[in-house]
Amino acid sequence: MWSSFRLHSHSLCKRQAARFKALLVNMSSLNQGCENWRSRLFAVDANTSLGIPDPFYFTCANSSHHLPSLNAQEWPVLAQGGSAHSVCITTPQRISAARLQKALGQKLTQEVQGGCKVLRLLSYQPQDPYGSLQGGFLVLNALSCPSIQAKLQDLLGEYKQHIRFCSYQAGTEGGIWQCLWDLNGEGKEIERCRVLKVEVPDPSPLVVNIKKSALFYKLEAACSVLQECSTIIPEASEVLKLLKDARKTVNSEKKFPVIVIEGLDATGKSTLTESLKYSLRAELLKSPPECISPWRKTFDTEPTLLRRAYYAVGNYIGAAQIAEAAQMSTVIVDRYWHSTAAYSIGTEIGGGVPNLPEYHHEIYQWPSDLLKPDLVILLTVSDEERLVRIRKRGLAETVEEKELESNRMFRQKIEEAYMRMENPGCIVVDASASKETVLQHVLSIIYRHCALAL
Ligand SMILES: Nc1ncnc2c1ncn2[C@@H]1O[C@H](COP(=O)(O)OP(=O)(O)OP(=O)(O)O)[C@@H](O)[C@H]1O
Ligand SMILES: Nc1ccn([C@@H]2O[C@H](COP(=O)(O)O)[C@@H](O)[C@H]2O)c(=O)n1
């Protein structure tokens, strides 16, 4: 049943984008005078392990319009007697909203079990996608369970000031209705509107979300997140202080080449970078830089917005160190911007590789204010070989490493995101051979690309 739950396919193609623009024009006239929540455009992210391989999109409006309504048959969970509910986080303050998203996600997945699927939901006002983006969840229950609404109301009651709770119902005329609930007291339905069909929107709420809260293309943007959270996470001020110190002596002109080594965990980056350091008499730097690593654990447990802001600022601190070191010798860097970007994109876009934004999309571009390396090498090994190496190494794994190990699709998506990066792109090196063979291969690429004497 769940596999048939594919309302609209997702590939971000131009023809559909044009149709979406036409829909926007219709909607802006349609929603005049209506409350905000009605005109939102919703994206439900794919989640392969929950049997939803593609994202799907819908919007809502009052009953007196001419756009096609979503048919209950196209939303099988309702057609087959199940239930659907959505929770949107309305808190305007982004740090609180990000933390609430994380807390609610954990609570919903733990507490609503037994046939329920909790999917990530994003929504925006088409007139202002970036200013109006809200996170949330869609809770689908395949089984007919009358108590689910009561259970959700009970669970969500304490957050009622910060969320909008809706249920979805199949109407007698065959369409679907979105019903907005007031969570005060027993809870009562306030208003309802029709659920409309939407094809792939441009911009996709999933991409808007990446650009707003997972990837920072300007130092200023990442710093402002750390500044905002410094009252609740004092470590953020420490990171900002180190950034300020590191940038006091920034040298923009590099005299020696800067070479970055990238790849998934256990592909052999540390092994190779140590050997390159010796072979090239180079300086070896790692990202995130040592000086901010004491706070890594703290930020790794925070929501994406804060976690990625930490890694982004780490790249700029790293850039200052790279610029300094490149005055004296060749610099080898173990991970840099491409890691931050590929992992963010791979995590924030659900499902598999086909759901990634198309090649040359703006999200694959290098930040204009970040020092660029001369060469980026991406190490790849087969899944089987990578697992052998992880087990042999025997170190404790992070949550992300565990997910990478268990989820082949996730790994492929991150590697594909790496390969789509541009300006600079990655040179892919098959690192399955012996350590010495990989080293010699990479050295030959370095000699070819960088003006280094043999
Ligand atoms: N070419 C190779 N052939 C066989 N084993 C290798 C090779 N390169 C590295 N290894 C082994 O694989 C394991 C992982 O290597 P390494 O720590 O260098 O990977 P990494 O990419 O730096 O990992 P991480 O990103 O998780 O720190 C180590 O035990 C290392 O000795
Ligand atoms: N520039 C960077 C470096 C790292 N990350 C994140 O860290 C994780 C991998 O680091 P390891 O020390 O385990 O190799 C990975 O999950 C990245 O998300 C980053 O974002 N940016």
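I began with contacts, meaning heavy atoms within 4.5 Å. Of the contacts between residues at least 6 apart in sequence, 77% join residues at least 24 apart. This is a predicted model, where local features need pLDDT of at least 70, side-chain atom pairs count only at pLDDT 80 or more, and totals for chains, interfaces and linings use all residues. Residues are numbered from 1 along each chain as its sequence is written, chains are lettered from A and ligands numbered from 1 in the order written, and side-chain values use heavy atoms, with hydrogens and water left out.

I listed the secondary structure next. The protein has 16 helices and 13 strands. These are DSSP runs numbered from the N terminus: helices are H or I with at least four residues, strands are E with at least two.

Then burial. I call a residue buried under 20% relative accessible area, exposed over 50%, and partly exposed in between (1.4 Å probe, protein chains only). Of the 454 residues, 57% are buried.

I looked up the nonpolar cores, each a set of buried Ala, Val, Leu, Ile, Met, Phe, Trp, Tyr and Cys residues joined through side-chain atoms within 4.5 Å. The largest has 75 residues. Leu-226, Val-239, Phe-299, Val-313, Tyr-336 and Ile-345 touch the most other members. Helix 11 (residues 304–325) gives this core its largest share, 14 residues. A second, separate core holds 24 residues, including Leu-70, Cys-88, Leu-138 and Leu-140.

Leaving out residues up to four places away in sequence, Phe-299 touches Leu-226, Ile-233, Glu-235, Ala-236, Val-239, Leu-306, Arg-307 and Tyr-310.

I checked for disulfides, pairs of cysteine sulfur atoms within 2.5 Å. The whole structure has zero. For Cys-179, the nearest cysteine sulfur is that of Cys-166, 7.9 Å away. Cys-179 is buried, with a relative accessible area of 0%. For Cys-291, the nearest cysteine sulfur belongs to Cys-223, 14 Å away. Cys-291 is partly exposed, at 29%.

Last, the second largest cavity. A cavity is a set of points on a 1 Å grid over the protein atoms alone where a 1.4 Å probe fits but cannot get out; lining residues have an atom within 4 Å of a point. Its lining is Leu-285, Lys-286, Ser-287, Gly-318, Ile-322, Val-333, Arg-335 and Tyr-336.

Definitions and conventions:
1 Å grid on protein atoms, 1.4 Å probe; cavity = no way out; pocket = protein on both sides within 12 Å on 5 of 7 lines; lining within 4 Å.
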